[in-house]
Amino acid sequence: MTGPLLVAEALVRRYPVGRGGLFTPAARVAAVDGVDFTVEPGVSLGIVGESGSGKSTLARLAMALERPDAGRILFRGEDLNALSASDLRRRRRHFQMVFQDPYGSLDPRLTVERIVAEPLTVAEPGFDRRARRERVLAILEAVGLPTAALHRYPHEFSGGQRQRVAIARALITEPALVVADEPVSALDVSVQAQVLNLLMDLKERRGLTYLFISHDLAVVEHVADRVMVMLRGRVVESGPAAVLFARPVHPYTRALVDALPDFDADPADHAAGAFRLGEPGAAEAGACPLADRCPRAKARCRAEMPMLRALADDRHVACFEPLG
Amino acid sequence: MSAPLLDVRNLSVTLPFPSGPARVVRDLSFSLQAGERLGIVGESGSGKSMTALALIGLLPAIARTHGEIRFEGRDLVALPEPERAGLRGARIAMVFQEPMTSLNPVHRIGDQVAEPLLIHGRADRATARAEALRLLDRVGIPRARERLDAYPHELSGGQRQRVMIAMALACRPALLVADEPTSALDVTVQAGLIALLKELSVELGMALVIISHDLAVIGAIAERSLVMYGGAAMEEGASRAMFRAAIHPYTRGLVGASPGRHAVRGARLAAIPGTVPSPDRLPPGCPFHGRCARGTDLCRDMPPPFVGGPASRAACHHPERAP
């Protein structure tokens, strides 16, 4: 298979805010506002952003769980939203999702066997029960769960084990792409590392590609090959993970990197050199999405939206006043 | 060395569990000098929040407390509630994780910041309002005068937490207890609040106990840290030195499990096997027994003593290095 796995072209998704009046439609705010990206097979893309950045909306668009208001999402060259409902359902086995909350995303009334087998039942209805159980057992083993898990219910597991169940469910149809939206954010640090290790192992063993979404820079930096930084529905910087975090060019990326001190660094040194943003204010239409908080903002940043442009080191940045 | 501001001795907190009462804080001892900043690090179920509630005197009524919490020379555990209430918000103040649930949604923020001054009889209405304005301005609320009459929902999450801090500072407490004060906030907003808490502690000579699951947050703000697990103190020491070369296998485990600039990108993290146990399922000995690579039968049966010098202490039968 050649060509990219997933391509997003000028994706826009707007949501209504408030209710509008009797004759006036509700105002709409763009949660995702013109986002392009490409995911090559085997090259995991991390999406970093804070609350309200549009990263989870982007995940749902990538999974064709929501339709964009404009733009296209192509999986292996096919526009997912142009497919018929039944064709889309058949394609779903190739791209699966893991959610943040292993409590909310697993049906509490079903056994682990039913939960994990469900996507397979949809993708391959012909499977007989024996063969299906074999597949479930194999995938449970791959994610490090015991055979005995088969007949248990979600509440009988710890948070980390539940997330393993969710991962098993996502992998049972042998997808090429896994969209993981904050997959370790609800877990304790000691357990988070187990799940991150598992995700990295599975990537290698099964040739998976991740679209990995998190607010936690350290987690994304650790797992992703390429990274895209989002702010208020737009991409402000993207590029190889190693380059982007080592030398951020966009003030927002720099602030994100500086905001998380390593516990090994001298707090005094760190605070002295840290790049800080102001508290967020109201977003201005037609301005840089960081203009209200950026210490480098000039008149142009408040009057014009910077577009993404390519830099020499395989990186893109949308900023009029980039860091040197 | 003068008498410590806060001296916690053999503190235990017991709560009822379906299987019977269990200790959620186990024999905890630590002390704090005036103006000092101590971090308490722990995962869920470590007992860190219960310790915070014990300090401020807001444990649920069903909790049983043993041991001593000596604060400015008085034992808070033995103090009758009316006297404790007199200290709360005056000498000891607290900031919680969720500013939206801790602020009253139907009262203007100026009135809420002024309230502790009125309750503790420190000021009349006009003086309290003027002080509220000064405090809001000090904690970095822009256009504080206009914001005095705003309601909590009109502010961002970061600004609401700044209002909480202003409220906590109103009576100039000697000790501020902050439980996950930045965990609900975006990292870029979190950074500003960490800097603010640290500045205020220095400027006002106010001692700070900051509680977090996040080593990086603790390391940025507290010169000394206490690591808790399963209700017990595992290790205590100077934050940076401790995270660099921990004595206790659990502290080492936490550091190794955290992705960050010290970890090699894409490499496997040193995960701690197993899960955090429920307080009613802990062994009589070290709570970390069962997940610890160095654990023995001794660890399971005998709680290790919390020993060491003034620089660092740890509770471990088989430490990674000498304390």
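Biologist: Is the crossing of H6(A) and H11(B) left-handed or right-handed?
Modeller: That crossing is left-handed. Bear in mind that this is a predicted model.

Biologist: Which residues meet there, in H6(A) and H11(B)?
Modeller: From H6(A) you have A:Val189, A:Ser190, A:Gln192 and A:Ala193, and they meet B:Gly253, B:Leu254 and B:Ala257 of H11(B). Sorted by class, four residues in this contact are nonpolar, three are polar and none is charged.

Biologist: And at what angle do the axes of those two helices cross?
Modeller: At roughly 45 degrees, with the axes coming within 8 Å.

Biologist: Zooming out, how many residues does the contact take from each chain?
Modeller: It takes 37 residues from chain A and 39 residues from chain B. On the chain A side, H6, H7 (217-223), H8 (241-246), H9 (251-259) and H10 (267-273) each supply at least two residues.

Biologist: Which element gives the largest share of that chain A side?
Modeller: H6(A) does, with nine residues. By class, the side of chain A that touches chain B has 20 nonpolar, nine polar and eight charged residues.

Biologist: New topic: how many helices and strands are there in chain A?
Modeller: Chain A has eleven helices and twelve strands.

Biologist: How does the radius of gyration of chain A sit with a compact globule?
Modeller: It agrees: a compact globule of 324 residues would be near 20 Å, and chain A has 21 Å. Along the principal axes, its C-alpha atoms fill a box of roughly 65 × 55 × 45 Å.

Biologist: What percentage of chain A counts as buried?
Modeller: Of its 324 residues, 46% do. As for contacts in chain A between residues at least 6 apart in sequence, 62% join residues at least 24 apart.

Biologist: Over to chain B, then. Is helix H1 enclosed or open?
Modeller: H1 of chain B (residues 48-56) is largely enclosed by the rest of the structure, because seven of its nine residues are buried.

Biologist: Which residues of H1(B) are buried?
Modeller: They are B:Lys48, B:Met50, B:Thr51, B:Ala52, B:Ala54, B:Leu55 and B:Ile56.

Key:
Residues are numbered from 1 along each chain as its sequence is written. Chains are lettered from A and ligands numbered from 1 in the order in which they are written. This is a predicted model: local features need pLDDT of at least 70, side-chain atom pairs count only at pLDDT 80 or more; totals for chains, interfaces and linings use all residues. Axes are lines fitted to C-alpha atoms, for helices over the stretch in contact, and angles run from 0 to 180 degrees between N-to-C directions. Helices (H or I, at least four residues) and strands (E, at least two) are DSSP runs, numbered from the N terminus. A crossing is left-handed if the near helix is turned anticlockwise from the far one by less than a right angle, and right-handed if clockwise. Two residues are in contact if their C-beta atoms, placed from the backbone, lie within 7 Å. Ala, Val, Leu, Ile, Met, Phe, Trp, Tyr, Cys and Pro count as nonpolar, Asp, Glu, Lys and Arg as charged, and the others, Gly among them, as polar. The radius of gyration is taken over C-alpha atoms; the globule rule is 2.2 Å times the number of residues to the power 0.38. A residue is buried if 20 or more other C-beta atoms lie within 10 Å of its own, exposed if 12 or fewer, and partly exposed in between; C-beta atoms are placed from the backbone.
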